[in-house]
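Hi everyone, thanks for making time for this. I'd like to walk you through a structure that may be new to you, so please take a look at it with me.

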Amino acid sequence: MWRAEESKEAYEELKKKLMEGLRENEKIESILKALKLFNSRKDRIFKEVDDLEELREKIRRAKEEVIENLDEYIEKAVKKMEENLCKVYLAKDAEEARRIVRGIVGDAKLVVKSKSNACREIGIVDYLESQGIKVVETDLADRVVQLLGEEECHPVVPAIHISKEKWSEAFSKETGRDVPPDAQAITDASREGVRRAIMSAEVGITGANAIVAETGTIITVENEGNISLVSRVPPKHIVIAGINKIVPTLEDGLNIAEATTLFGTGQRFGAYVSFITGPSRTVDVGLETTIGLHGAQEVHVVLIDNGRRDAIRDGMKEMLYCLNCGSCLASCPIYMSIGEKYSCGYFGGIGLSFGAYIFGAQRAFVDGLGFCTDCGACSEKCPAKISSNDLVREIRRRAWERFGLLLPPHKKIRDAILETGNPFGEPPEKRGEWMKSN
Ligand code: SF4
């Protein structure tokens, strides 16, 4: 149980964070501009999809099926991936996952990485760098965030808050020549360093949008083409993904690939969708299987639990249906007011729910569990029909019950109701006093 003073300290931190977020006008304006663009694209594209509701239903059912029978699906997926010559590891928490990845990386000195929420969740970049291994982000936005030492502000477009001038500064410094603040010039300049790193890296790390149990196929969705290169060019490919990324069939995986871009950025389909079913191989020479032609020679898959089973045991399984598409953020009044400050590892209400199980209720409390207004707008455009606000409300209730976590103003109101029957703390005989004075 937390002591009252700790709650007070957390409250002060929370107020500070809120005020900082509210003061960052420029950043919030950029975020709102991007969300507006995604929302208008979605309004248009949703009309073109005949079976949108059916797609949402199918995704929800596939996720429910796996989470209801998790052990069975993990076993099936692992077996299939091993048959496909992948090496599979199960990590109970972030520390174990980092240790496993470190072991696979071995003596490598350069690792390239694509955008991955699971990688951020286990803090793999900082960890590998602390071990003297250079990690180069290959997603354009992640790369500028890395070069500038900035914070990411959105799961799909993490650098929407960074001005073109700052992008130009970052890549002028990296390339050693003047890169104008022009989108195409910046994109072209960014390619050089990233491409060089990909061609010489010994290890590539990616996440996964889905892992198909029936075939052991890892599915990734992208626009830039960097994930395809990171997963194919370096000799070792490491996939880091939550156990909730498993889906029963290839069709389910394809549905998730479709919904991720439809709901995330309002695109009909990602520019590239990869289906990776083991390392590169051939039987061309005398029908003998030989490994490693143009793709990775080794594919390692690290499946992380990290609080997910605890969430299921706690009746919070709905949060594991999340695709991390970011669609809910585009209608969340808190995210639209303070941006990335409303996060606990993952962004928004769903992020706070995840955070409560990954990092613990205390961290989620300090990170803004109390911010959610319970408006429910988040569930309306969620491809998996998740009611994040219901999850947050329940986690808040339990945080109070189990750890005594309650913001001081809320505690004051609660105590007043219990003591006097009203939130203002007025004794019953005094309740009408204000009328007499008028
Ligand atoms: S809760 Fe739904 S809308 Fe929000 S990121 Fe997850 S899948 Fe997307």
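Let me begin with a term: a salt bridge here is a side-chain nitrogen of Lys or Arg within 4 Å of a carboxyl oxygen of Asp or Glu. Please keep in mind that this is a predicted model.

Now, the overall layout. The chain splits into domain 1, covering 4-47 + 315-406, and domain 2, covering 51-138 + 202-306. For their contact, domain 1 supplies 29 residues and domain 2 supplies 27 residues. Taken over C-alpha atoms, the domain centres are 26 Å apart.

How much area is buried between domain 1 and domain 2? About 2600 Å², with 57% of that coming from carbon and sulfur atoms. On the domain 1 side, Tyr 321, Leu 323 and Lys 385 lose the most area to domain 2, together 25% of what that side buries.

Back to our term: by that rule, four salt bridges cross the interface of domain 1 and domain 2. Elsewhere on my list is a salt bridge joining the side chains of Lys 317 and Glu 68, at 2.4 Å from N to O.

Finally, the ligand. The space it takes is the largest cavity. Residues around the ligand include Cys 322, Leu 323, Cys 325, Cys 328 and Cys 382. By class, that shell has eight nonpolar residues, three polar ones and no charged ones.

Methods:
Residues numbered from 1 in each chain as written. Predicted model: local features only at pLDDT ≥ 70, side-chain atom pairs only at ≥ 80, totals over all residues. Heavy atoms only, no water. Near = heavy atom within 4 Å. 1 Å grid on protein atoms, 1.4 Å probe; cavity = no way out; pocket = protein on both sides within 12 Å on 5 of 7 lines; lining within 4 Å. Sits in = over half its atoms within 2 Å of the grid points. Nonpolar A, V, L, I, M, F, W, Y, C, P; charged D, E, K, R; others polar. Domains from an automatic or database assignment. Contact = heavy atoms within 4.5 Å. Buried area = accessible area lost by both parts, 1.4 Å probe.
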